[in-house]
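Hi everyone, thanks for coming.

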Amino acid sequence: MNVRSNTDIKSLIRSIPDYPKPGIIFRDVTTLFANARGLRATIDELIWPFIGEQIDYVAGIEARGFILGGAVARELGVGFVPIRKKGKLPWKTIGKEYQLEYGVDTVEIHADAVGRGDRILLVDDLIATGGTATAAIELLQESGGEVVAAAFVVDLPFLKGADRIAARGLKVHTLVAFEGE
Ligand code: AMP
């Protein structure tokens, strides 16, 4: 039970074994987002460490990070910056390749999305190995931004992604943890 909201966020997340491939348990947050109390509790829980902190932008990672990031930005009273998959943004972009289990992927932001010294909170639904979040952080830093913290609904601690992000000097905030693949 999440104490501040009195809602059991973890039980509202659907676990789907062997998706997208055998051995992976997919943690499906659409069931959490569809639940009115669950969605409200999730946003309340995500924002509380950052109330009163100096944050200039929330950056969200496509696609579930957009749903959360928009709501978090609205609550914190700051703007939202999308981090998208390659080829989706219409203006000048900068990109970062990162390693997947098989192959590579690229995340992009608009080159003028953040200014020098802007303080950024990164948001996504889940941190696993931390590869996606690390690419997003490096992208924001290359744009001149200062990524001060990262917030995720789900942590998979055995994959040590949250540790990787914390080792870069960011504050890492997660709401629920699942052990086991
Ligand atoms: P990673 O880069 O390994 O930290 O993976 C994080 C990204 O992949 C996030 O955008 C997640 O939405 C997605 N992801 C990775 N593993 C899972 C999982 N077991 N269930 C749901 N989404 C996942």
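A polar side-chain atom of Arg64 sits 2.6 Å from an oxygen atom of the ligand. That counts as a polar contact, meaning a pair of N or O atoms within 3.5 Å; within protein, one must be able to donate a hydrogen and the other to accept it, and residues adjacent in sequence count only if both atoms are side-chain atoms. On its own the ligand has 490 Å² of accessible area, and the protein covers 80% of that (Shrake-Rupley method, 1.4 Å probe).

Before I go on, a word on the model: it is predicted, local features need pLDDT of at least 70, side-chain atom pairs count only at pLDDT 80 or more, and totals for chains, interfaces and linings use all residues. Residues are numbered from 1 along each chain as its sequence is written, and side-chain values use heavy atoms, with hydrogens and water left out.

So who is around the ligand? There are 14 residues, and the closest include Arg64, Asp125 and Thr132; to be near, a residue needs a heavy atom within 4 Å. Two or more residues each come from β2 (25-28), β7 (119-127) and α4 (131-142), and β7 gives the most, with 4 residues. Those elements are DSSP runs numbered from the N terminus: helices are H or I with at least four residues, strands E with at least two.

Is Ser143 buried or exposed? It counts as buried because its relative accessibility is 12%, and buried means under 20% (exposed is over 50%, partly exposed in between; 1.4 Å probe, protein chains only). Its side chain reaches the backbone oxygen of Leu139 at 2.9 Å. Asn6, in the segment before β1 (14-17), is exposed, with a relative accessible area of 53%.

Now the backbone. Most residues other than glycine have a negative phi, and most peptide bonds are trans. Here, a cis peptide bond joins Tyr19 and Pro20, with omega about 0°, and the bond from Glu62 to Ala63 is cis as well, omega near 0°. Asp18, in the loop between β1 and β2, has a positive phi near 60°. Lys160 also has a positive phi, near 65°.
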